[in-house]
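Me: I would like to learn how to read strand pairing, helix geometry and a chain contact from a model. Please take the features one at a time.

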Amino acid sequence: MTLVSGDATVAEEPERHSCEAISWLDEVDPSEAVARGGAKMGRLAELLASGVLVPQGFAVTVEAYSRHCRESGLDGRIDTVLGALGPDPDDAAVEAASAEIREMFAGTPMSDGLAARLTEAYEELCLRCVDVNVPVAVRSSATGEDAADASFAGIFDTYLGVSGVERVLESVRRCWGSLFTARALAYRLRRGISHHDMPIAVGVIELIHARASGVAFSVHPVTGKRDRIVIETSWGWGEAIVQGLVDPDHVEVGKADGRVLRYDVAHKKVVSAFDFAVGAVTEIEMPAKLAHRQVLDDEQIAAISAAVTAIEEHYGHPVDVEWVIGRHRRAGDPVCIVQTRPVTTVEPETTAAPAYDPVALAQKYLFSGKPIPGR
Amino acid sequence: MANVVPVDAWSTGEWYPGYKPEFFDMPWIVDPAGPFRPGDENSFWFLDFHWSRGLTPLGATLWSGDGYCWGTQHAAESLPLPPGRGVSARFAGTHLYGSALPETDPAQIEARAGRIATNLPHFLQNYRSIWESGRDELENTWSQFRAIDFTQVSGDDLPDLLVKARRYHKRSMEIHFGVMYPMLANFLGFYGACADMGINPNEIGKFLQGEDTKIMETDRKLYDLALKARAAGLEPVFEAHDGGRLREALGRHGGAASGWLTEFDDFLQVYGYRAEATCDVGVPSWIEDNTIPLDLVKTFLQRKDSHDFSRAATNALAEREEAIENARAGLTREEQAVFDAGLASNQAANFPWWQDDHNYYIDLKVMLPLRWGCQELASRVKADRQDDMLYLFWPELRDVASGEKPYDAELRGLVDARRQYFDEWHGRRGEMPKVLGTIPENVEDPILIEIFGLNPHSIRAVQNPDAAAQTVMNGVPAAKGTARGIARVLQSSDELHRLEPGSILVCESTSPNWTPAFGKIAGCACDGGGMLSHAAIVGREYGVPTVTAIGVATLSIADGDEIEVDGSSGTVTVLRRAAEVAASADAPRTEEVTA
């Protein structure tokens with residue numbers, strides 16, 4: 001709450017809601033954002049600071065996780081389980097250890113202090129969103145090496161549409177536990193990385209009620225061509241796209257002039273929708289009337305392109321993003337960015353202007369011994 | 001593991017009666033032509049559709065040696081093609097098989113790549129003057145031959161005239177392939193770039209269509225003659241007689257027919273110096289034998305609906321502009337710059353256009369002077385038939401012409417035996433293997449892929465032992481649209497008169513002399529031919545649904561079958577077999593649907 005000052009000419013220092021355990025996106029220093037909130041939440045804070053529209057929300061910090069493990073005795077119990085695994089365990093042993101540790105996280109309550117800070121933060125988010133028990137996305141936000149979130153893409157838990165403080169607390173603990181999925185365990189064992197070197201943060205962010213969502217790449221993700229933006233999209237939330245459950249609409253946009261180069265409308269069989277009975281986003285069959293319909297219009301494509309271009313410029317390297325068009329977005333509004341990552345596999349930038357070179361093309365397509373594409 | 005089809009049956013050393021290996025003695029560059037020889041099974045040989053009649057001794061040796069081998073190998077050295085040394089030729093009986101000659105030495109390939117890097121841009125910058133000066137040189141030589149009255153040439157000069165005629169053919173092929181290879185390289189580079197930029201490959205051929213050619217001009221003039229025949233009330237005469245008897249019948253008819261024949265002869269003076277075959281001394285020109293052009297007039301008259309050439313041309317141009325616009329719309333600005341420059345280069349040096357147009361100047365008439373010399377010699381030595389000399393080999397012909405050797409009973413007997421040999425092998429064309437030797441999964445030579453249609457699919461198709469029984473075939477979707485009709489399976493353009501309006505033409509492949517047929521057929525299905533083959537180009541120009549590179553269309557489809565050609569998907573389906581069609585009380589319906 002902002003205190004009303006008697007002296008209106010003196011600018012009030014805005015009330016801060018962050019603490020050691022909680023790091024609000026709009027309060028954290030961008031230079032500390034990744035260290036405190038993990039890669040996923042840290043980058044959202046960086047985007048926000050650079051003027052990109054992102055959802056409201058906060059991170060349950062790396063420090064909160066570490067302290068929870070330390071003070072609840074989880075650290076010691078985890079070490080016991082992992083120590084029993086030996087140097088070269090089989091898959092079944094890793095599975096069993098993973099299940100045991102995750103069960104420990106689910107069964108270990110937060111300290112009263114942490115629960116109180118998290119409850120306050122969630123209530124603050126409800127207030128900001130002007131909603132009771134506002135549905136949120138609870139997302140794991142890993143730390144560690146740069147490639148961490150690439151190597152671990154999709155490995156840690158994300159819960160969409162979590163509503164009410166009890167469910168939020170439980171989802172946070174489940175996200176913590178997902179640091180010990182069998183895949184993550186096996187990866188760290190193989191690479192000799194200790195879980196202590198990559199503690200996890202958890203993001204709690206406003207769930208944007210998605211009319212449409214998707215991913216966008218500032219370079220072609222397959223060919224690496226830098227002259228275009230590629231967008232993949234479907235109705236509803238983006239989970240079905242990210243998990244590859246739906247064949248999305250495919251759009252390519254010329255970077256130089258923003259022209260839509262192609263728009264392939266897919267037959268979209270599945271949609272990620274909010275299930276009010278369960279209180280979560282789940283995958284259901286796409287309504288027939290939406291399955292064949294084109295998702296994006298030109299204005300929306302331009303807004304997505306503008307956002308992904310701005311983000312690429314901000315970071316100075318190609319990126320992919322997850323974006324959402326909320327139900328209440330109007331033409332001219334920016335789209336909401338919920339995640340961004342660097343793209344590492346791109347063709348080197350050519351400095352020379354592209355030209356028609358018949359000799360090079362004949363070499364490439366005729367005399368290389370490879371079939372001409374499309375033949 | 002590549003499939004090997006042995007060549008033992010053909011590499012016995014036996015060939016035309018009286019053949020001696022020295023009859024193939026002529027200068028060669030990388031690999032000389034000849035009958036199949038042991039060891040040839042190590043290369044990949046394909047039956048060349050251009051000579052589906054088979055070749056006479058003179059035609060076989062001079063075309064394969066001076067023409068095919070010399071021309072392609074010369075051009076492959078001049079440009080050069082980095083990994084290719086041109087094409088070589090072999091005979092199984094009278095039938096010609098071709099094979100691409102690979103260059104495998106990495107150092108050579110690299111050195112050749114360095115040379116093409118200079119030569120190809122030079123060619124493209126000077127394409128117009130290079131092609132036109134070559135064409136003019138040949139036209140100049142041609143007019144010299146036209147100016148000669150062969151009956152008045154002295155006996156001493158006749159051997160020399162034959163040598164000149166042979167040299168004219170050889171020089172023509174140097175110019176022909178010298179222009180063809182760089183144009184094709186430029187086109188296929190552009191093609192590859194387009195395909196890489198996501199342009200539908202089936203659209204690329206359209207970007208360069210719609211330019212008028214001498215061959216299309218010939219068709220239009222012939223059509224005008226048909227309209228004049230109709231106006232003059234001559235339709236009943238055409239209806240009552242086949243091409244072979246039409247000239248005589250029109251002469252008897254007198255009156256308007258005489259006037260029409262005068263116009264027809266004027267037409268022939270300009271357009272009639274073309275044989276119904278590519279570089280084949282064994283085949284007469286239209287002016288020598290009026291059957292084909294008169295049959296074509298008859299065909300035009302049989303069409304109920306008139307073929308509007310100018311509308312077809314306008315449509316082709318409109319389709320071209322639309323295809324270009326659609327393609328550009330899907331490209332980034334950077335890609336558009338590459339596309340526009342490549343399109344401009346290919347419009348200036350337009351390979352698909354040249355591929356049709358050059359036939360008027362080269363392929364269809366280049367053997368005529370030699371043919372005239374042979375006919376004159378035949379009449380002087382009182383040969384039994386006017387074409388006897390075509391059954392001699394070059395050294396024999398030279399000796400007969402110079403009087404070194406009399407055209408005596410021995411030679412006459414040999415000519416008779418060779419004529420029988422030719423006729424026997426002509427009858428065996430349908431059973432000739434489409435491919436011989438070591439069959440690869442795919443080939444790399446652009447001419448083999450684009451002109452002959454030897455893609456991985458068709459190479460597999462020709463190896464299918466059950467080809468004769470299959471009723472659904474796939475090929476290259478060369479010209480869009482769908483057509484149903486009765487199949488006419490033709491061995492060569494000699495049989496063009498069997499086509500009726502609405503027929504579906506099924507053949508090994510077409511050449512420019514088949515072009516007028518596209519004015520009346522409803523669809524076309526070919527064993528060979530890629531996107532740049534004659535059938536593909538003409539099918540698009542005439543709006544005739546066409547599928548090429550099926551591999552086995554002439555095997556799987558029988559004359560009289562009712563079939564459907566889907567030129568958009570590249571599928572050909574046998575709907576009813578000929579027996580069923582004949583048994584059916586209903587007259588088979590012919591319909592044409594444009595997709």
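Reply: In β9(A), D264(A) is the bridge partner of H250(A). This is a predicted model, in which local features need pLDDT of at least 70, side-chain atom pairs count only at pLDDT 80 or more, and totals for chains, interfaces and linings use all residues. Residues are numbered from 1 along each chain as its sequence is written, while chains are lettered from A and ligands numbered from 1 in the order in which they are written.

Me: How many bridges join β8 of chain A to β9(A)?

Reply: Two strands pair if DSSP finds at least two bridges between them; strands (E, at least two residues) and helices (H or I, at least four) are DSSP runs, numbered from the N terminus. Here four bridges join β8 (residues 249-254) of chain A to β9(A), and the two run antiparallel.

Me: In what order do the strands of the open sheet in chain A lie?

Reply: The order is β9-β8-β7-β6-β12-β13, six strands with antiparallel pairing. β9 (260-264) and β13 (336-342) of chain A are the edge strands, each pairing on one side only.

Me: Which helix of chain A packs on the sheet?

Reply: Contact requires C-beta atoms, placed from the backbone, within 7 Å. Angles run from 0 to 180 degrees between N-to-C directions, with axes as lines fitted to C-alpha atoms, for helices over the stretch in contact. Helix α11 (residues 298-315) of chain A packs on the sheet, and its direction makes about 140° with that of β12(A).

Me: Where is the kink in α2(B) centred?

Reply: The bend at a residue is the angle between axes fitted to the seven residues ending there and the seven starting there. In α2(B) a kink of about 30° is centred on I116(B). I116(B) is also among the buried residues of α2(B), with R112(B), L120(B) and F123(B). Buried means that 20 or more other C-beta atoms lie within 10 Å of the residue's own, all placed from the backbone; exposed means 12 or fewer, and partly exposed is in between.

Me: Why is β4 of chain B called largely enclosed?

Reply: Nine of the nine residues of β4 (residues 84-92) of chain B are buried, so the rest of the structure largely encloses β4(B). Seven bridges join β4(B) to β5 (residues 95-102) of chain B, running antiparallel. The two form a hairpin with two residues between them, and G93(B) in the turn has a positive phi of about 60°.

Notes
Contact = placed C-beta atoms within 7 Å.
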